[in-house]
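Biologist: Hello! I am new to this structure and would like to learn how to read it. Could you take me through some features, with the general idea ahead of each case?

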Amino acid sequence: MKVLIKKSILETMLLNIQPYLEKKDLSQITSHVLLFSQEGQFTLKATDYEIGLSYATKEIKTLSSGFATANGKKLLDIIKSLRESKEDDITLETINDYLYIKQNSSKYKLPMLNPNDFPEFPSIDSKPKFEINNATLVKSIKKIAPAIDTNNPKFELNGSLIDIKNNTINLVATDTKRLAVVKIEQENDHDFSLIIPKKAISEIQKLFFDNIEIFYDENTLIALSSQFTFFTKLINGKFPDYERIIPKNKNFRILLNRESMVDAIKQIAIISQEIKLTFKPEKVVFESLNDDNIEAKTEIEFKTGLDNDIFLAVNSRYLLDFLSNIENSNFTLGFNDSSLPFTLESDNFTTIVMPIMI
C-alpha cells in the first residue's frame, strides 16, 4: 500500500477512532488501526471487539492498493507532530511488515501486525432496520445519558434502553436513584427493545449527524452513513420495569421557571451537593444539607399555588442534569410526599428522582 493524504484529513480520522482502540494490552491487534486503500477510497478501522468504527474518505491519492496496521495511538501522535501544509501531503507506505510515514524530511517507521488477524466487523445481512430520525435520536440520548449507571453489577443498568411498543419509542436510563425517560411518538412495524452500553451511547452522540441507517439483532446494533460504519454489541439482560416506577398520580403539580431554579440551585451547590427545597405559597427556599457547620441559603419569589409548605431533599446534580437538557423556559415538578419519588417534566422528557431522607 502506498497513499498520499492531507494531514488534516488523516488526523481527523485518527482522532475519531481513538475511543475504539484497546488501550491496556498493546500487543493485541485491537490496539492497532487497520488501514486500507482500494478503488480510490482510504479507510481506517478500529475495534475493541465490543464497539467498532470504520471511517472512510475519497480525498486521497492512491499509488498502490493494500492493507496495513499500526498502533493507533502512536500513529496519531506522529501525525500530530507533522506540519500542516497544502503542498506537503503525508505518504503512508508499507515495506516488509512496516508502515512508513513520510513528509518532506520527516520519516517514521512503525511495526505492523498481520492485517488478516484484524477482527471482522458484523454485517447487516438479514438484520431488520430501525427507523428513527438521527437528530431526534441524538437529542433524546443526550437527555437521558447522565442517568446511565457506571460499573453496576446489574449489567443492564450500565446502558440505555430503547423500548419500542405501541407506536412509541421510549429511551430510558437509570442509576437506581433516578430514572430518565424520553418518549417519541412514531409508528413502528413491530415491538422490540435493545440495551445500548454507556460507551456506545457516548460515541453515538458524536457520530450520528448525517443521514444514517440503523440495523440490529439481539446482539448487535450497526449504523451506516456515507463516511462511517459503526457497531456496538448490546447488553443482554432484562431492564427494570420502568413504567411501574413512574408515578401515575401527583398530589401537587408546580410549574417552575428553569432559569431562576438553575441559578438558585447552583448557589447552594457551591457549598453542598445535597439540598433542601421548601415550596411555600409565595416563594421557594433553597438550603444546603451537610454536617460541616457551613450553611447556604437563598430563595426566589414565586407563586407556587400551594396552601401549605412542602419540602424535598435531593441531590442537586439530578436537578441540574434535567434542567440543562430541556428547551423550554418552564418545567413541571410533580410531588406526592417528601418520602416518595417526584417527577420533573418538560415536553416528552421526564425524570423521576428519589428524594433524600432527612
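Modeller: Gladly. Let us begin with a term: a residue is buried when its relative accessible area is under 20%, exposed when it is over 50%, and partly exposed in between. Ile294 has a relative accessible area of 42%, so Ile294 is partly exposed. Please keep in mind that this is a predicted model.

Biologist: Where does Ile294 lie, and which residues form a nonpolar patch with Ile294?

Modeller: Ile294 sits in the loop between strand E20 (283-288) and strand E21 (297-301). Together with Ile270 and Ile271, Ile294 makes up a nonpolar patch on the surface, and the accessible area of the three together is about 280 Å².

Biologist: Let me step back to the whole chain. How many helices and strands are there in the protein chain?

Modeller: The protein chain has seven helices and 25 strands. Its C-alpha trace spans about 80 × 50 × 35 Å along the principal axes. Of the 358 residues in the chain, 51% are buried.

Biologist: How do I read a pair of helices?

Modeller: Two packed helices are described by two things, the angle between their axes and the distance between the axes. Here, take helix H3 (residues 134-144) and helix H4 (residues 198-207): their axes come within 9 Å and cross at roughly 135°.

Biologist: Now for charges. What is a salt bridge, and how many are found in the whole structure?

Modeller: The term is used when a side-chain nitrogen of Lys or Arg is within 4 Å of a carboxyl oxygen of Asp or Glu. A search of the whole structure finds 21 salt bridges. One of them joins Asp89 and Lys6, with the closest N and O atoms 3.0 Å apart. This pair links distant parts of the chain, 83 residues apart: Asp89 is in the loop between helix H2 (72-81) and strand E7 (90-95), while Lys6 is in the loop between strand E1 (2-5) and helix H1 (7-17).

Biologist: Are Asp89 and Lys6 buried, exposed or partly exposed?

Modeller: Asp89 has a relative accessibility of 26%, so it counts as partly exposed. Lys6, at 28%, is partly exposed too. Now look at the salt bridge between Lys102 and Glu93, where the closest N and O atoms are 3.0 Å apart. Lys102 is partly exposed, with a relative accessible area of 24%, whereas Glu93 is buried at 15%.

Biologist: How should I read distance along the chain against distance in space?

Modeller: Look at a few pairs. Val33 and Thr69 are 36 residues apart along the chain, and their C-alpha atoms are separated by 5.5 Å. Val33 lies in strand E2 (residues 32-38) and is buried, with a relative accessible area of 0%. Ala269 and Phe209 are 60 residues apart in sequence and 34 Å apart in space, C-alpha to C-alpha. Ala269 lies in helix H6 (residues 258-269).

Biologist: My last topic is the backbone. Which residues other than glycine have a positive phi?

Modeller: Most residues other than glycine have a negative phi. Among the positive cases here is Asn166, with a phi of about 55°. Asn166 is in the loop between strand E11 (159-165) and strand E12 (168-174), and is exposed, with a relative accessible area of 64%. Another is Asp347, with phi near 50°. Asp347 is in the loop between strand E24 (342-346) and E25, and at 60% relative accessibility Asp347 counts as exposed.

Definitions and conventions. Residues numbered from 1 in each chain as written. Predicted model: local features only at pLDDT ≥ 70, side-chain atom pairs only at ≥ 80, totals over all residues. Heavy atoms only, no water. Patch = residues over 30% accessible without salt bridge, like charges linked within 9 Å, V, L, I, M, F, W, Y side chains within 5 Å. Areas by Shrake-Rupley, 256 points an atom, 1.4 Å probe, with all protein chains shown as cover. Helix = DSSP H or I, 4+ residues; strand = E, 2+ residues; numbered from the N terminus. Buried < 20%, exposed > 50% of the residue type's maximum accessible area, 1.4 Å probe, protein only. Axes fitted to C-alpha atoms, helices over the stretch in contact; angles between N-to-C directions.
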